[in-house]
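Trainee: I would like a close look at a single part of this model, with the cut-offs stated.

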Amino acid sequence: MHLISKKILLFAAVCLLLSSCGQKQAAPEPAPANAESTLPSTNATPDEEQEPGSRQEQEAGTLPADTTDPSSNETNPDGQEQPKPPASLYHINKVYNVVPNEEGTEKKVVLLTFDDGPKEKEMIDGLIDTLDKHKAKAIFFVNGYRVKANPDLLKLIHDRGQIIGNHSWDHIDLKKETETNARKQVEDVQSIVEETIGEKPRFFRPPFGSGNDKLHQIVEENDMIYMTWSNGSLDWDSKNKNKPDAVIQNILDQLHAGSNILMHELPWTVEALDELLTKLEAKGYSFVDPNTISENPDDSK
């Protein structure tokens, strides 16, 4: 009987010990004092902006330091930052020179342009390779019928970071056309370029530099900047065929601050371009990024 009592007491002690261990393991750990500040709100949607904490919080490691300049980017509807568009620094004046919008902006600049493409991949790559070498951008004024035949070449120009301009569909004298025909020549190019690269041209140059008030109005209605040129290379002239030195000299003879230089997608122009840009740089000229050209500020007043 005494032995049975001891077994019962021993059994009860073991049960009590096991029960105590189970309660100790099940006890929750206390939450850290700063748990509320380190966890995001469960009510915030993915698009809601979490306000950055103080500098002390960033240094303590509870929030990542904000290394971005909030003034340099914009946020799209999906909450993703998008780069701001380039500043509007220049405009095209009435004689088609490139002119600063404000005092203090560099005046000794030139605008590089190439008409009548896109024609051949080898020539386009040659021109853009040289532009890249000199960290320059140009406007490639294209014809609609050529884009239709070579959409891949238009994509090539765009994908390599150069700017597309509208040079009409058929390269005809729009001054001699009816308003309806002129509008179709302009707007059909806008459409095919947008279909091909996803954006419309911002610049228009009429073939032969020939236009009238109606054409100006059509171009304005299509949110484009109208220009001809103020420095002609004459690379198209048969007397300059296969003469890159003559093309260079023609441009240097007319060179002035704000020169809007007309060139074409031609083999001898491709050959001339590197030496031309080198000489322009040696004379202290820089190359306007067409993305920085806006409407004439005076026109909006």
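Trainee: Are Tyr-96 and Tyr-226 buried or exposed? Please describe the surroundings as well.

Mentor: Tyr-96 and Tyr-226 are both buried (under 20% relative accessible area with a 1.4 Å probe, protein chains only; exposed is over 50%, partly exposed in between). The model is predicted, so local features need pLDDT of at least 70 and side-chain atom pairs pLDDT 80 or more, while totals for chains, interfaces and linings use all residues. Residues are numbered from 1 along each chain as its sequence is written, and side-chain values use heavy atoms, without hydrogens or water.

The rings come next. The whole structure contains three aromatic pairs (Phe, Tyr or six-membered Trp rings with centres within 6.5 Å; stacked under 30 degrees, edge-to-face over 60, tilted for the rest). One of them joins Tyr-96 to Tyr-226, with 6.3 Å from centre to centre and 40 degrees between the planes, and is classed as tilted. This pair links distant parts of the chain: Tyr-96 sits in the loop between β3 and β4 (98-100), Tyr-226 belongs to strand β9, and the two are 130 residues apart (strands are DSSP E runs of at least two residues, helices H or I runs of at least four, numbered from the N terminus).

Tyr-226 also pairs with Phe-204: their ring centres are 5.9 Å apart and the planes meet at 45 degrees, so this pair is tilted too. Phe-204 lies in strand β8 (residues 203-204) and Tyr-226 in strand β9, so the contact ties together parts that are 22 residues apart in sequence. Phe-204 is buried, as is Tyr-226. Through these ring pairs Tyr-96, Phe-204 and Tyr-226 are linked into a cluster.

Two or more lining residues come from each of β3 (90-92), α8 (213-221) and β9 (225-226). The element that gives the most to this lining is α8, with four residues.
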